[in-house]
Amino acid sequence: MSEAVAVVTGATGGMGVEIVRDLARDHRVYALGRNAGVLAQLEGIDNVVAVETDIVSDLLGDNGAGIPQLPDLRRVDVLVHAAAIAHNRSVESATVRDWHDHLDLNVVVPAELTRQLLPALRAAQGQIVFINSGAGTGAHPGNTIYSASKHALRGLADALRREESVAGVRVSTVSPGPTDTPMLRGLVEDKGGEYRPEWYIEPVEVARAIRFVVDAGETTQITNVDVRPRVELADRN
């Protein structure tokens, strides 16, 4: 069998780094991100190919040339969409630019990258994992744009699963609750809250959830995984 290949977007984020580390144990991982310093660290891990990219411009820009080093991939066994942004915005406070920024990165980029890699995913009968969020279900006032983008991502994943099942491509959604990442810290501090890392999920637990999905047996697929903190924030005093 050819070497297993994984592609991870948002590889330099809090979750992305742990996802790359875990998958590199038995995959050649193409780690896509913008932070050159973190990419250099990831490149030091065996089986990791660091790819610096402004993924929105490279995939969606008028002169977008695609993601460097990916067009030649003949097989992709695992594609993890971890890149995302989140800013506290209500319908009243949001601008059109806010909506485009969130929807472009959180929804359109994963759809387009998946489209480009479908031949390689089909060749490997591969696994696609969309990192969603607890905000992808229910109402989350004040975080409306991010929540709406994650609702849309869930719809994308569920439809894609049906479209690609006959081709043997598996599609899963992994939805972490509040996880100790720079993105969450920014959301909490933007509201004037006290950031307590010990209250939140460790990013490595998200990587372990993805490993559970990837290692599913040949006759099945894990469609949705919710990863929640041991104690829900609403239950803390």
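**Exercise 1. Find which elements the buried residues of helix α5 pack against.**

Start with the ground rules: this is a predicted model, in which local features need pLDDT of at least 70, side-chain atom pairs count only at pLDDT 80 or more, and totals for chains, interfaces and linings use all residues. Residues are numbered from 1 along each chain as its sequence is written, and side-chain values use heavy atoms, with hydrogens and water left out.

Step 1. Locate the helix: α5 covers residues 144-164. Helices are DSSP runs of H or I with at least four residues, strands are runs of E with at least two, and both are numbered from the N terminus.

Step 2. Pick out its buried residues (under 20% relative accessible area; exposed is over 50%, partly exposed in between, with a 1.4 Å probe and protein chains only). Among them are Ile145, Tyr146, Lys150, Leu153, Ala157 and Leu160.

Step 3. Look for contacts, meaning heavy atoms within 4.5 Å. The partners are α4 (96-124), β5 (127-131), β6 (170-176), α6 (182-190) and β7 (224-227).

**Exercise 2. Describe how strand β2 is paired and enclosed.**

Step 1. Turn to β3 (residues 48-52), which pairs with β2 in the parallel sense over five bridges. Tyrosine 30 of this pairing stands opposite valine 49.

Step 2. Check burial: five of the six residues of β2 (residues 28-33) are buried, so the strand is largely enclosed by the rest of the structure.

**Exercise 3. Characterise the largest cavity and its lining.**

Step 1. Set the rule: on a 1 Å grid over the protein atoms alone, a cavity is a set of points where a 1.4 Å probe fits but cannot get out, and lining residues have an atom within 4 Å of a point. Points are joined across faces, edges and corners, and the volume is the space filled by probe spheres set on them.

Step 2. Count: there is one cavity of 30 Å³ or more, and the largest has a volume of about 50 Å³.

Step 3. List the lining, which includes Thr9, His81, Leu105, Asn106, Lys150 and Leu153. The elements giving two or more residues to this lining are α4 and α5, and α4 gives the most, with four.

Note on methods. Pairing = 2+ DSSP bridges. Expected span 1.5 Å × (residues − 1). 1 Å grid on protein atoms, 1.4 Å probe; cavity = no way out; pocket = protein on both sides within 12 Å on 5 of 7 lines; lining within 4 Å.
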